[in-house]
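Subject: Structure handover

Hi,

Here is the structure I promised to pass on. Have a look at it first, and then read my notes below.

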Amino acid sequence: MPTPPWVRLKGCVILTAMSMELTFLGTGTSVGIPMIGCHCPVCSSANPRNIRRRTSLYVKTEKVALVIDTPPDFRQQMLRNPISTLDAVLFTHKHADHVHGLDDVRVYSDAQGPIDCYAAPETAAKLRMSFSYIFEAGNRIDGIPKLLLHEIDSPFQLFGRTIVPVPLMHGKERILGYRIGNFAYLTDCSGVPDESLDLLGGLEILVIDGLRFRPHPHPRPHPPPRRF
Ligand SMILES: [Zn+2]
Ligand SMILES: [Zn+2]
């Protein structure tokens, strides 16, 4: 039987394919699992598979090490694996559960110099607003991440690899997935526009989230937190 192109390490699935190593740092919901204050069977479970951190992926090739999104769990995710090299950050969209760990990129920029970050213009604008202390300082003061924020709307080169932004629908919002070689990562995806399908032909690995076919009502059908 052929060796599967994946291994498990400390609960994270690592895919090794196409001279690329993929570490799923988090695959949870926007509040993470277990949810604060929830005592449902899943949140109370001792099964480590029910510990689901906020969504993020680490991609390592022979030339570049990057992370897709910096969720609030970013520090713990990077410690847990552990990951000592980071060349770039790709952002899928502006939501808090995908960006609010950005400050901890400081450790990498202190060691390596400014880290290149890539985002769609709308996401970049929100990052500049939410992290004004980083971007208004212009990489000039200590104690903050040193970042170079690039706005993207088409394929670009990163350390000799072509990165293809793939527009997706996330509810009514347009966000980005990414294609790198024959691998694509589409998170928070509720729909793929026809024009994006052309960007996804011939994939070997497609990572796409799947919650349910029917739209879920708000608030979510999760037991409300009990009083502490
Ligand atoms: Zn729960
Ligand atoms: Zn989102």
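Two strands count as paired here if DSSP finds at least two bridges between them. The strands themselves (E, at least two residues) and the helices (H or I, at least four) are DSSP runs, numbered from the N terminus.

Some housekeeping before going on. This is a predicted model, so please keep in mind that local features need pLDDT of at least 70 and side-chain atom pairs count only at pLDDT 80 or more, while totals for chains, interfaces and linings use all residues. Residues are numbered from 1 along each chain as its sequence is written, and chains are lettered from A and ligands numbered from 1 in the order in which they are written.

**The sheet around E10 and E11**

E10 and E11 belong to an open sheet of 5 strands, ordered E9-E10-E11-E12-E13, with mixed pairing. Strand E9 (156-158) and strand E13 (205-208) are at the edges; each has a single partner strand, so one side of each has no neighbour in the sheet. From one strand to the next, the twist averages 30° (axes are lines fitted to C-alpha atoms, for helices over the stretch in contact, with angles from 0 to 180 degrees between N-to-C directions).

Pro 167 sits in strand E10. Not counting residues up to four places away in sequence, Pro 167 touches Arg 174, Leu 176, Pro 193 and Ser 196; a contact means that the C-beta atoms of two residues, placed from the backbone, lie within 7 Å. Pro 167 is partly exposed, with 15 other C-beta atoms within 10 Å. For the burial terms, buried is 20 or more other C-beta atoms within 10 Å of a residue's own, exposed is 12 or fewer, and partly exposed is in between, again with C-beta atoms placed from the backbone.

**The parallel strands**

E7 pairs on both counts below in the parallel sense: with E6 over 3 bridges, and with strand E8 (residues 147-151) over 5 bridges. Ala 88 is opposite Asp 116 in E7, and Tyr 118 is opposite His 150 in E8. Is E7 mostly covered or mostly open? It is mostly covered, as 4 of its 5 residues are buried.

Pro 121, in helix H4 (residues 121-130), is exposed, with 10 other C-beta atoms within 10 Å. Leaving aside neighbours within four places in sequence, Pro 121 is in contact with Glu 151 and Asp 153.

**The core**

The largest nonpolar core has 36 residues, and the ones that touch the most other members are Leu 57, Val 89, Leu 90, Ile 115 and Tyr 178. Two or more residues come from each of E3, E4, E5, strand E6 (88-90), strand E7 (115-119), E10, E11 and strand E12 (183-186). (A nonpolar core is a set of buried Ala, Val, Leu, Ile, Met, Phe, Trp, Tyr and Cys residues joined through C-beta atoms within 7 Å.) Beyond four places in sequence, the residues touched by Ile 115 include Leu 86, Val 105, Tyr 108 and Leu 147.

Most residues other than glycine have a negative phi, and most peptide bonds are trans. Which bond is cis? The one from Ile 33 to Pro 34, with omega near 0°; Pro 34 is in the loop between strand E3 (20-26) and strand E4 (56-61). Asp 69 has a positive phi, near 80°, and is buried, with 25 other C-beta atoms within 10 Å. Phe 159, in the loop between E9 and E10, also has a positive phi, about 50°, but is partly exposed, with 14.

**Overall**

The protein chain has 6 helices and 13 strands, and buried residues make up 29% of its 228 residues. Its pLDDT (the predictor's confidence in each residue, from 0 to 100) averages 87, and 85% of the residues score at least 70.

Cheers
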